[in-house]
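Work through the exercises below with the sequence and the model open side by side. Try each task before reading its solution.

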Amino acid sequence: MFDNDDSDYSSLLTPNFGGYVVNMRHGYSPSYMVLHRGSCATVNPSTSSSDPGAFTERDYLKVCSTDLESLRSLLKAFGRPNGSFSAESSKCLHNQGYG
C-alpha cells in the first residue's frame, strides 16, 4: 500500500508493469476501489504526464499486487463484502483477460 509516497510507488511499478493496482481515495471509501494494470498511464508515474505527487500524495493511495485474490481479500477488509472492485479500468483491462 502506498500512501503519500510517490517515489517508492513509482520504484515498485517500474519492474512490475504486469501487476495490478487498486486506486483508492484516502479514507478507504468502498465506493471507489478501481482496478488497473500497473502499466496504465492513469496510475503509473513513468507513463503519465501528471504532476509529481499526483498518484499517492494528494487525494489517492494505491495498493499493488501481482495476485488478484490478495487484492480482493484486502477490499473485503476495507468494506466491499464480496471483494469486488468498484470499477475496472476500461483503459487498461478491457478485453485482456486479467483474471
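**Exercise 1. Find the average pLDDT of the protein, and the elements with the lowest and highest mean pLDDT.**

Solution. Start with the whole chain: the average pLDDT (the predictor's confidence in each residue, from 0 to 100) is 87, and 92% of the residues score at least 70. Where pLDDT is low, the predicted coordinates should not be read in detail. Because this is a predicted model, local features need pLDDT of at least 70 and side-chain atom pairs count only at pLDDT 80 or more, while totals for chains, interfaces and linings use all residues. Residues are numbered from 1 along each chain as its sequence is written, and side-chain values use heavy atoms, with hydrogens and water left out.

**Exercise 2. State the order of helices and strands, then decide how compact the protein is.**

Solution. First count the elements: two helices and four strands. Both kinds are DSSP runs numbered from the N terminus, helices being H or I with at least four residues and strands E with at least two. Along the sequence they give the pattern α-β-β-β-α-β. The radius of gyration is 12 Å, close to the 13 Å of the globule rule for 99 residues, so the protein is as compact as a globular protein of that length. That radius is taken over C-alpha atoms, and the rule is 2.2 Å times the number of residues to the power 0.38. Last, look at the contacts (heavy atoms within 4.5 Å): of those with a separation of 6 or more, 63% are between residues 24 or more positions apart.

**Exercise 3. Determine which residues of each helix are buried, and what covers them.**

Solution. Apply the cut-offs: buried is under 20% relative accessible area, exposed over 50%, partly exposed in between (1.4 Å probe, protein chains only). In H1 the buried residues are Asp6, Tyr9 and Leu13. Seen down the axis of H1, they fall within an arc of 65°, so they line one face of the helix. The arc is that of the directions from the helix axis to the C-beta atoms. The cover over these residues of H1 includes S1 and S3.

Turn to H2 (residues 68-77), where Leu68, Leu71, Arg72 and Leu75 are buried. Their arc down the axis of H2 is within 100°, so they too line one face of the helix. Strands S1 (20-25), S2 (33-37) and S3 (60-65) are among what covers them.

**Exercise 4. Examine the positive phi values of Asn4, Tyr28 and Gly79.**

Solution. Begin with Asn4, in the segment before H1: its phi is near 65°, although it is not a glycine. Asn4 is exposed, at 53% relative accessibility. Tyr28, in the loop between S1 and S2, is another residue other than glycine with positive phi, near 60°. Tyr28 is partly exposed, at 30%. Finally, Gly79 follows H2 and has a phi near 105°.
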